[in-house]
Amino acid sequence: MRTLVILIHPNFGESIVNKLWIKALEQSPERYFIHNLHTAYPDGIIDVQKEQELIETFDHIVFQFPFYWFNCPPLFKTWLDEVLTYGWAYGSQSGYKMSNKKIGLAITAGIEEKEYSLEGKYNYTLEQLLAPFEVTFNYIKADYKGFHAYYGIELDSSVETIKNSVAPYMQFIATV
């Protein structure tokens, strides 16, 4: 089993956590294939057929991105809109090409976890804010496996804390 990790990070070069996570995956190329959307499409123009063909070759897919403005980066939204087309991802004649594919989200969030709660500053959990992704994956009959999040990078970016984030991340990736 090989997992496709689709990285969507507009400032990947500056991301300490995401770079460390990707470096951990790169230690096992036989298990993980990393596809950086910003590297593949620096102009933002997505090759839909190429993306669909790539998706069709994997049964385990993780979308990795920073969570900001309570959403995903714009290129990921564009990817969802353009790649998950009627007739391919859904529709009575589509064959549901993502059906039963295991999907997970790996997210970095600048805000502390306690702020993502009903009692917190934002009045919503991260799970609630990610519901549109879950609904989308369920709609196309994929097997949504949930998400893994690293919280609070803006407040605690110590080397030790960041290094300690790798093991739980890798455990999550193994469950997708």
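A: Helices and strands here are DSSP runs numbered from the N terminus, with at least four residues (H or I) for a helix and at least two (E) for a strand. The model is predicted. By that numbering, the loop between strand 5 (143–151) and helix 7 (159–164) holds Leu155. Leu155 has 61% relative accessibility and is therefore classed as exposed, the cut-off for that class being over 50%. Asn123 is 32 residues away from Leu155 along the chain, and their C-alpha atoms are 20 Å apart.

Now the aromatic contacts. Such a pair is described by the distance between the ring centres and the angle between the ring planes. Searching the whole structure gives 16 aromatic pairs. One of them joins Trp21 to Tyr169, with 4.2 Å from centre to centre and 10 degrees between the planes, and is stacked. Trp21 belongs to helix 1 (residues 16–26) and Tyr169 to helix 8 (residues 166–175), so this pair ties together parts 148 residues apart in sequence. Trp21 is at 0% relative accessibility and so counts as buried. Tyr169 is also buried, because its relative accessibility is 0%; the limit for this class is under 20%.

Tyr169 is part of a buried set in helix 8 that also includes Val166, Met170, Phe172 and Ile173. Viewed down the helix 8 axis, these buried residues fall within an arc of 160 degrees, so they line one face of the helix. Gln171 and Thr175 are exposed and sit on the face of helix 8 turned away from the buried side.

Elsewhere, ring pairs connect a cluster made up of Phe63, Phe65, Phe76, Trp79, Phe133, Phe137 and Tyr144. Trp79 of this cluster is also a contact residue of helix 4: together with Glu82 and Val83 it meets Val48, Glu51, Gln52 and Ile55 of helix 3. The axes of helix 3 (residues 48–56) and helix 4 (residues 74–83) lie 10 Å apart, and the two helices pack at an angle of about 85 degrees. Helix 3 is therefore roughly perpendicular to helix 4, as angles of 65 to 115 degrees are classed that way.

A ring can also face a charge. The charged end of Lys141 sits over the ring of Tyr96, at 4.1 Å from the ring centre.

Notes
Residues are numbered from 1 along each chain as its sequence is written. This is a predicted model: local features need pLDDT of at least 70, side-chain atom pairs count only at pLDDT 80 or more; totals for chains, interfaces and linings use all residues. Side-chain values use heavy atoms; hydrogens and water are left out. Rings of Phe, Tyr and Trp (its six-membered ring) pair if their centres lie within 6.5 Å; planes under 30 degrees apart count as stacked, over 60 as edge-to-face and the rest as tilted. Buried means under 20% relative accessible area, exposed over 50%, partly exposed in between (1.4 Å probe, protein chains only). A charge sits over a ring if NZ of Lys or CZ of Arg is within 6 Å of the ring centre and within 35 degrees of the ring normal. The arc is that of the directions from the helix axis to the C-beta atoms. Axes are lines fitted to C-alpha atoms, for helices over the stretch in contact, and angles run from 0 to 180 degrees between N-to-C directions. Angles under 35 degrees count as roughly parallel, over 145 as roughly antiparallel, 65 to 115 as roughly perpendicular and the rest as oblique. Contact means heavy atoms within 4.5 Å.
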